[in-house]
Amino acid sequence: RKAVARHRSKPKKKRFTASVEAYVREKLKADYSPEQIAGDAARKGIECVCAERIYQFVWKNKKQGGGLYRRLRTKGKRYAKRGSLKGKRGQIVGRVDIEKRPAIVEQKQRVGDVEMDLVVGRGQSGALLTINDRASGMLKMAYVESKEAALVQAKAVEILADWKPVLHTVTTDNGKEFAHHQKVAEELEVECYFAKPYHSWERGANENLNGLVRQYFPKWISFESITQQRVDEVVDILNQRPRKRFGYRSPEEVFQNAT
């Protein structure tokens, strides 16, 4: 009992200092996740605390009436897995299954293997075409007025034009908006593949990236008033944000080093 009492009374080093708290608040406001804050600080030699300690700080702040939790990607919500209900989305002419995709794509070692999807606004009011490079995590994104296949195809070709020299493959889901995949393949000189229906994990990088995009364009807002300028701002933010899987380097750094 005496030992425990002495231990409690001993002065202890406080790691979560005022300066560390200010740094954490600044990065949370820049939409960094706790893991990104801790990892980026460690990479740069900046004094900080672990991700778990940052989460504890955020939850304590919430209990005290603070709003830092709103800066977290999920805003503290828990999401259930989708059930086994499956709709019928029809067949896409010329569809090539992901099983026929070259094995090297799965390794995420070369730049130029991209995934593509649509993020849709409230009431189907426009959509955002998101395209990510599997190896570097680099994002390209653009607004499209509708999910019409011709519009999606034209926009995909437009925003991928400067990547054409390094492109190898494009992988999408089975949405009818990608029905003109053969024109995309022809104009960009790539091979297009489709993930199996309801196997979103086969495009895991793109699904994760869409989650990041939703932080700025949540599903409950109408996309009709979105400007391409705002879209470009979000693209810059996400491409320059440190990622855990790259040792907290940004996608932009990884892409530039690989090309």
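Guide: In this predicted model, R101 is located in a loop, the one that runs between helix α4 (51-63) and helix α5 (103-106). The relative accessibility of R101 is 8%. Because residues under 20% are classed as buried, R101 belongs to the buried class. The side chain of R101 is joined to the side chain of E106 by a polar contact of 3.2 Å. When residues up to four places away in sequence are set aside, R101 touches E106, R134, T171 and Y193.

Leaving aside residues up to four places away in sequence, N61 touches R25, G66, G67 and L68.

The axes of α2 and α4 lie 12 Å apart, and the helices pack at an angle of about 80 degrees. Angles from 65 to 115 degrees count as roughly perpendicular, so α2 is described as roughly perpendicular to α4. On the side of α2 the contact is made by E21, V24, R25 and L28; on the side of α4 it is made by I54, F57, V58 and N61. By class, the residues of this contact comprise 5 nonpolar, 1 polar and 2 charged.

Helix α2 (residues 18-29) packs with helix α3 (residues 34-44) as well, at an angle of about 120 degrees and with the axes 10 Å apart. The two helices α2 and α3 are therefore oblique to each other. The crossing in which α2 passes α3 is right-handed. The residues of α2 that make this contact are Y23, V24, K27 and L28, and those of α3 are I37, D40 and A41. They divide into 5 nonpolar and 2 charged residues, with no polar ones. V24 and L28 of α2 are named in the contact with α3 and again in the contact with α4.

V254 is found in helix α10, which spans residues 251-258, and its relative accessibility of 11% is the reason why V254 counts as buried. Although V254 and A135 are 119 residues apart along the chain, their C-alpha atoms are separated by 8.4 Å. Apart from residues up to four places away in sequence, V254 touches A135, S136, F246 and R249.

Finally, the whole chain gives these details their setting. The protein chain has 10 helices and 5 strands, and its C-alpha atoms fill a box of roughly 80 × 40 × 40 Å along the principal axes. Of its 259 residues, 46% are buried. Among contacts between residues at least 6 apart in sequence, 63% join residues at least 24 apart.

Methods: Residues numbered from 1 in each chain as written. Predicted model: local features only at pLDDT ≥ 70, side-chain atom pairs only at ≥ 80, totals over all residues. Heavy atoms only, no water. Helix = DSSP H or I, 4+ residues; strand = E, 2+ residues; numbered from the N terminus. Buried < 20%, exposed > 50% of the residue type's maximum accessible area, 1.4 Å probe, protein only. Polar contact = N/O pair within 3.5 Å; in protein donor to acceptor, adjacent residues only side chain to side chain. Contact = heavy atoms within 4.5 Å. Axes fitted to C-alpha atoms, helices over the stretch in contact; angles between N-to-C directions. Parallel < 35°, antiparallel > 145°, perpendicular 65-115°, else oblique. Left-handed = near helix turned anticlockwise from the far one by under 90°. Nonpolar A, V, L, I, M, F, W, Y, C, P; charged D, E, K, R; others polar.
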